Structures are given as structure tokens and as C-alpha cells.
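Hi,

Here is the structure I promised to pass on.

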Amino acid sequence: MTSMTVGQTVQRTSTPMKFPAVAPLKRSFWLQCAEPSLQPSPALQGTHTADIVIVGGGFVGLWTALTIKEHEPDCRVMVLEQDVCGGGASGRNGGFVMSWWPKIQSLGSFCSPEQALFLANSAERAISELGEFCLQHNIDAAFKQKGWLWTATCEAHIDAWNGTLAACKRVGAEPFERLSRQEVARRTGSAVHLAGVFERSNATVEPLRAGRPPLQSLPARAAALLRWRHGPCFGAAQGTRGTA
């Protein structure tokens, strides 16, 4: 159990994690389009107790909170966010929802083949789950799961993907489809592309419209979930009280 006291330093019995105070980022293009007049909620006041405290109200923080509440409805979860949920990296990306298959060689450098396969499969499954969540909750996030093309526009780059495809095959997966030059040109609409492979799991999305609706649905789906914004979290230590 974790107890957070705002505005007061608490004695700790173990070495704490220290978080640097960083000013909130400028509003992203996506956030300005989705909610141009959005303002942070009032800062949390007083002392609050939670079973789990999550620092950061981006994709990872909010989806983690939702998943915990789905598995353990009675768990008291607190999300701490210094600005607005989605105001950080989750709200300032290109809107590409990509798998880890292109990174399978990197995963293999520090994971076993079984672990790399698990992570890559999980990342691919998460893409479809995002689309299913948007459909289930009628969220218009412009989610389109049409895959992606990895192409070469010069002779030197042809077959640059061979190492990745071979690594995928070594772990028992074949997520990429080789395409003829004619098929690549047809799909891209340009003869500049000389060769390529296709991976069908990837998607595009408008990130803020996918990221903020989970926050708006939290009260109904995750009772007793607390949200704190507009103030930094300075530190925390395992098994002790923290300071915000």
C-alpha cells in the first residue's frame, strides 16, 4: 500500500527514486486539434492512500490503470500526471501503431528466442486490441489497420530486410510478405520503389483521440481511480510513503 502526501516531505526507510522536476511540454498538434481549450485539473490536495500509484498519464499509464482495474476491480489505483493526460510523448507522435517485428534482431540481442517471440507477438496483438477498444467504445480515433510497406528506392537498399526476415524465421514467425516490383509500384502508386516487403499488422491512429477517451471512461469503468495533474512528482520509494 502506498500513501502520498502532497506538499510535505516524508521520512523514508529505503533509498528513494528521485524524479527531476520538468516543465510541461508545449501543447502538441494533435492536442490542439482534439481539445484546443484543454486545461489541467486542479492539483491534488491532502493525503491519499492507494494500492498502486502510476506516475504518468500517457498511453502506458492509463492503459495500465485500466487493465489493473479490469483484473482487480477493488484495487485502488492512482494516476499521477503533472500536466494533462496525453500531454507528453503519447500526444506528440506520428500516429503510427507499429509492431516489433522490424526490431526482432534487437530483441534477440538481449532476450532468448522465446522471449523475443513473446514480445513481438504481444506487440502485434496490442495493435488489434487498440482497434477493438475504439470499436467497442465508439471512439472515432481514425484507426486504420492496413499494414505497412518496407521498400527500397535504390539498388543498394534492395533486400536490406533479409536479416530481419531471417531472424523472424528463426523464432518461428513469418510476418513479412515479399512483393514483386510490380506489386510494390501498384501499392505505392510510384515506380520509384524497386522492391519491398509487406507487414499487415500495423495501423495508423490519431493518438489523442485514442489516448484521452480511456481517461474519460475511467470513472465508470474504474471506480475509486484518482487522477492528479498540474504538479510534479518528486520521488517514491518501495514500501514507504512518497512525496508529491
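To start with a surface matter: is glutamate 129 buried, partly exposed or exposed? Glutamate 129 counts as partly exposed, because its relative accessibility is 42%. (Buried means under 20% relative accessible area, exposed over 50% and partly exposed in between, with a 1.4 Å probe and protein chains only.)

Before the rest, some housekeeping. This is a predicted model, where local features need pLDDT of at least 70 and side-chain atom pairs count only at pLDDT 80 or more, while totals for chains, interfaces and linings use all residues. Residues are numbered from 1 along each chain as its sequence is written, and side-chain values use heavy atoms, with hydrogens and water left out.

**The overall picture**

The chain has seven helices and 13 strands; these are DSSP runs numbered from the N terminus, helices being H or I with at least four residues and strands E with at least two. Of its 244 residues, 39% count as buried. The chain exposes about 13800 Å², and carbon and sulfur atoms supply 55% of that (Shrake-Rupley method, 1.4 Å probe; for residues, only the protein chains shown count as cover). Among contacts with a separation of 6 or more, 76% are between residues 24 or more positions apart, a contact being heavy atoms within 4.5 Å.

**The cores**

The largest nonpolar core has 16 residues, and Trp101, Ile104, Trp161 and Phe176 touch the most other members. (By nonpolar core I mean a set of buried Ala, Val, Leu, Ile, Met, Phe, Trp, Tyr and Cys residues joined through side-chain atoms within 4.5 Å.) Two or more residues come from each of helix H3 (104-108), helix H4 (113-136), helix H5 (162-170) and strand S9 (195-199). H5 gives the largest share, three residues. There is also a second, separate core of 10 residues, with Leu66, Val97, Cys134 and Ala141 among them.

Going back to tryptophan 161: leaving aside neighbours within four places in sequence, its contacts are Trp150, Thr151, Ala152, Arg178, Ala195, Gly196 and Val197.

**Salt bridges**

Side chains of opposite charge can pair when their charged atoms come close. The whole structure has six salt bridges, each a side-chain nitrogen of Lys or Arg within 4 Å of a carboxyl oxygen of Asp or Glu.

- Glutamate 129 pairs with arginine 125 at 4.0 Å, N to O. The two are separated by about one helical turn, because they sit four residues apart in helix H4. Arginine 125 is partly exposed at 45% relative accessibility.
- Aspartate 159 and arginine 178 form a salt bridge at 3.7 Å, N to O. This pair links distant parts of the chain, 19 residues apart: aspartate 159 is in the loop between strand S7 (148-152) and H5, and arginine 178 is in strand S8. Aspartate 159 is partly exposed, with a relative accessible area of 37%.
- Arginine 187 and glutamate 183 have their closest N and O atoms 2.6 Å apart. They too are about one helical turn apart, being four residues from each other in helix H6 (residues 181-188). Salt bridges that share partners join Glu183, Arg186 and Arg187 into one network.

A polar atom of the lysine 69 side chain does lie 2.6 Å from the backbone oxygen of cysteine 75.

**One exposed glutamate**

Glutamate 174 is in the loop between H5 and strand S8 (176-179). Glutamate 174 counts as exposed because its relative accessible area is 67%.

Cheers

Conventions: Polar contact = N/O pair within 3.5 Å; in protein donor to acceptor, adjacent residues only side chain to side chain.
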